Amino acid sequence: MSFTVQIKVMPLKDLLDPQGKAVMGGLKNLGLNGVEDVRIGKNIDLRINASTEDEAKQIGEEAARKLLANPVMEIYEVTVH
Amino acid sequence: MKFGVVVFPGSNCDRDMQDALEQDLGQKVLMLWHKDKDLSMFSTDDCIVLPGGFSYGDYLRCGAIARFSPMMQSVIEFAQNGGKVLGICNGFQILCESGLLPGALLRNSHQQFACKNVFLKDARNEVYKIPVAHGEGRYFATEDILNGLEENHQILYLYCDESGHVTEAANPNGSMRNIAGICNTERNIYGLMPHPERACSSILGNVDGRKIMHQLFFAESLVS
């Protein structure tokens with residue numbers, strides 16, 4: 001079976017995110033003053049062929065752990081669709 | 001002692017490094033293609049250099065994909081056997097991604113690409129003027145790792161001002177504790193963001209890079 005595994009990667013909470021900061025400035029210029037913080041991460045979708053949903057999730061976890069996210073600076077979340 | 005300079009798709013300081021080593025420092029250099037694996041012509045007295053640039057387009061994270069290239073598998077083994085490895089700029093990012101050096105290099109805190117001369121100082125308080133050129137050079141590691149680096153004298157160079165004062169204003173990218181370059185505990189793997197290879201020839205108006213290269217490769221022991 002083929003599964004879509006979605007991996008959300010975000011910069012660690014305490015880390016300064018310069019990209020988010022720049023976008024925050026843009027939103028302020030738009031007049032959206034209610035926006036208090038912006039943090040930007042990545043969304044990675046994998047098509048995975050596996051026999052069960054669990055197996056697909058495991059492969060996604062391994063991909064995230066070994067390559068797609070760097071635990072020194074990022075956290076990730078794996079979901080199967 | 002001879003040098004190997006690895007060429008990844010997107011490396012752009014490989015020839016600068018080759019020129020500096022051959023023309024300015026009179027060293028023997030072999031260029032190494034990222035798809036090859038053979039390092040049998042090198043002994044642990046030799047040095048493999050990972051040059052600056054944008055390996056694999058900086059896709060995903062700087063250095064993240066280069067780490068899995070065939071040549072990097074051999075370089076990791078070479079380093080683990082005690083061979084010298086130097087990573088400059090993107091090379092430093094690759095070393096951190098490979099786990100050969102601790103920490104990571106993040107987007108510059110001021111959100112801009114930094115391309116200018118900066119001042120560095122070593123553990124002996126000697127000051128050097130060396131160019132930097134990077135968008136992701138903000139050294140980051142946990143407090144525990146930073147303390148360990150200090151205790152073991154693994155911090156090779158700090159960003160400072162012209163008179164050697166380590167100040168926030170002299171930090172070109174927001175690196176923690178003004179760190180510009182570090183080494184591993186065994187002191188055979190070095191990573192730095194600034195480009196000494198761009199400051200080795202008098203025709204370029206700055207030869208401070210030669211002093212850095214001498215210190216890294218030819219000093220009796222690395223200053224600690």
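Which side chain makes a polar contact of 2.9 Å with the side chain of B:Asn173? The side chain of B:His134 does so, a polar contact being a pair of N or O atoms within 3.5 Å, where within protein one atom must be able to donate a hydrogen and the other to accept it, and where residues adjacent in sequence count only if both atoms are side-chain atoms.

## About the model

This is a predicted model, in which local features need pLDDT of at least 70 and side-chain atom pairs count only at pLDDT 80 or more, while totals for chains, interfaces and linings use all residues. Residues are numbered from 1 along each chain as its sequence is written, chains are lettered from A and ligands numbered from 1 in the order in which they are written, and side-chain values use heavy atoms, with hydrogens and water left out.

B:Asn173 is placed in the loop between E9 and E10 of chain B, where helices (H or I, at least four residues) and strands (E, at least two) are DSSP runs, numbered from the N terminus. With a relative accessibility of 0%, B:Asn173 counts as buried; buried means under 20% relative accessible area, exposed means over 50%, and partly exposed lies in between, using a 1.4 Å probe and protein chains only. Leaving aside residues up to four places away in sequence, B:Asn173 touches B:Asn108, B:Ser109, B:His110, B:His134, B:Gly137, B:Arg138 and B:Tyr159, contact meaning heavy atoms within 4.5 Å.

B:Tyr159 belongs to strand E9 of chain B and is buried, with a relative accessible area of 0%. From B:Tyr159 to B:Lys2 the separation is 157 residues in sequence and 29 Å in space, taken from C-alpha to C-alpha.

## A β-α-β unit in chain B

Strand E1 (residues 2-7) and strand E2 (residues 28-33) of chain B run parallel and are joined by 6 bridges, and two strands are said to pair if DSSP finds at least two bridges between them. Within this pairing, B:Val5 stands opposite B:Met31 in E2(B).

Together with helix H1 (residues 14-24) of chain B, the strands E1(B) and E2(B) make a right-handed β-α-β unit. A crossover is called right-handed if, with the strands pointing away from the viewer, the path from the first strand over the helix to the second runs clockwise.

## Salt bridges

Side chains of opposite charge can pair when their charged atoms come close. Over all chains, a search of the whole structure finds 9 salt bridges, each being a side-chain nitrogen of Lys or Arg within 4 Å of a carboxyl oxygen of Asp or Glu. One of them is formed by A:Glu62 and A:Lys66, at 2.7 Å from N to O. These two residues are separated by about one helical turn, because they are 4 residues apart in helix H2 (residues 53-68) of chain A. A:Glu62 is partly exposed, with a relative accessible area of 37%, and A:Lys66 is also partly exposed, at 43%.

In chain B, B:Glu143 forms a salt bridge with B:Arg177, and the closest N and O atoms are 2.7 Å apart. This pair links distant parts of the chain, since B:Glu143 lies in helix H4 (residues 143-151) and B:Arg177 in the loop between strand E9 (155-160) and strand E10 (179-183), 34 residues apart. B:Glu143 counts as partly exposed at 44% relative accessibility, and B:Arg177 is partly exposed at 29%.

## Where the chains meet

The contact takes 16 residues from chain B and 16 residues from chain A. About 1,300 Å² is buried between the two chains, of which carbon and sulfur atoms give 63%; buried area is the accessible area (1.4 Å probe) that two parts lose on being put together, summed over both. B:Leu60, B:Arg61 and B:Gln111 supply 40% of the area that chain B buries against chain A, more than any other three residues.

Across this interface the rule finds 1 salt bridge. A:Glu74 forms a salt bridge with B:Arg61, with the closest N and O atoms 3.6 Å apart. A:Glu74 lies in strand E3 (residues 74-80) of chain A and B:Arg61 in the loop between strand E3 (47-50) and helix H2 (70-80) of chain B, so the pair joins two chains. A:Glu74 is buried at 10% relative accessible area, and B:Arg61 counts as buried at 6%. A network of salt bridges links A:Lys42, A:Glu74, B:Arg61 and B:Glu97.
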